[in-house]
Amino acid sequence: RSSEYGGAPLLGINGICLICHGNSSAKAIKNAVLLGLKLAEKGFNQHLVEELGQRRELLKMGHKNVMKILDQIKEKIIH
């Protein structure tokens with residue numbers, strides 16, 4: 001499964017950064033690069049800032065709500 005995406009986005013920076021496992025295969029690295037390109041093309045950072053700004057009150061309620069919000073943003077952008 002990890003080779004399908006290749007990496008996970010590092011959130012909280014002003015740009016696209018993906019973290020890959022040190023033991024990643026060539027396929028995983030290729031897919032991480034492609035994921036980074038897709039995130040950049042779809043404006044991932046701008047969407048993230050907008051969505052989190054609109055849901056500021058939910059974010060104060062705890063970890064589970066943050067994960068739910070991030071899943072919703074992922075669905076909008078990745079798929």
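Visitor: Which residues does Gly6 touch, leaving aside those up to four places away in sequence?

Guide: In this predicted model, Gly6 touches Ile19, Cys20, Ser24, Ala28, Asn31 and Ala32. Gly6 itself is found in the loop between α1 (2-5) and β1.

Visitor: Is Gly6 buried or exposed?

Guide: A residue is called buried when its relative accessible area is under 20%. Gly6 has a relative accessible area of 6%, and therefore counts as buried.

Visitor: Where is Ala26 placed, and is Ala26 buried or exposed?

Guide: Ala26 belongs to helix α2, which covers residues 26-41. Exposed means over 50% relative accessible area. Ala26 reaches 67%, so this residue is exposed.

Visitor: Where does His21 lie, and how far are its C-alpha atom and that of Gly7 separated?

Guide: His21 lies in the loop between β2 and α2. The C-alpha atoms of His21 and Gly7 are separated by 7.3 Å, while the two residues are 14 apart along the chain. His21 counts as exposed because its relative accessibility is 61%.

Visitor: How many helices and strands does the protein chain have, and what pattern do they follow along the sequence?

Guide: The protein chain has 5 helices and 2 strands. Read along the sequence, the pattern is α-β-β-α-α-α-α.

Visitor: What share of the contacts joins residues 24 or more positions apart?

Guide: Contacts can be sorted by the separation of the two residues in sequence. Among contacts in the protein chain with a separation of 6 or more, 49% are between residues 24 or more positions apart.

Visitor: How is the surface of the protein chain to be described, and what share of its residues is buried?

Guide: The protein chain exposes about 5,800 Å², of which carbon and sulfur atoms supply 57%. Of its 79 residues, 19% count as buried.

Visitor: Which residues make the nonpolar surface patch of about 240 Å²?

Guide: That patch is made by Leu10, Ile13 and Ile19. Leu10 lies in the loop between β1 (8-9) and β2 (18-19). Partly exposed is the class between buried and exposed. Leu10 counts as partly exposed because its relative accessibility is 35%.

Visitor: Which helix gives the most to the lining of the largest cavity?

Guide: Helix α3 (residues 44-54) gives the most, with 3 residues. Phe44 lies in helix α3. With a relative accessible area of 11%, Phe44 is buried. Phe44 and Ile73 are 29 residues apart in sequence, and 8.6 Å separates them in space, C-alpha to C-alpha.

Definitions and conventions. Residues numbered from 1 in each chain as written. Predicted model: local features only at pLDDT ≥ 70, side-chain atom pairs only at ≥ 80, totals over all residues. Heavy atoms only, no water. Helix = DSSP H or I, 4+ residues; strand = E, 2+ residues; numbered from the N terminus. Buried < 20%, exposed > 50% of the residue type's maximum accessible area, 1.4 Å probe, protein only. Contact = heavy atoms within 4.5 Å. Areas by Shrake-Rupley, 256 points an atom, 1.4 Å probe, with all protein chains shown as cover. Patch = residues over 30% accessible without salt bridge, like charges linked within 9 Å, V, L, I, M, F, W, Y side chains within 5 Å. Salt bridge = Lys/Arg side-chain N within 4 Å of Asp/Glu carboxyl O.
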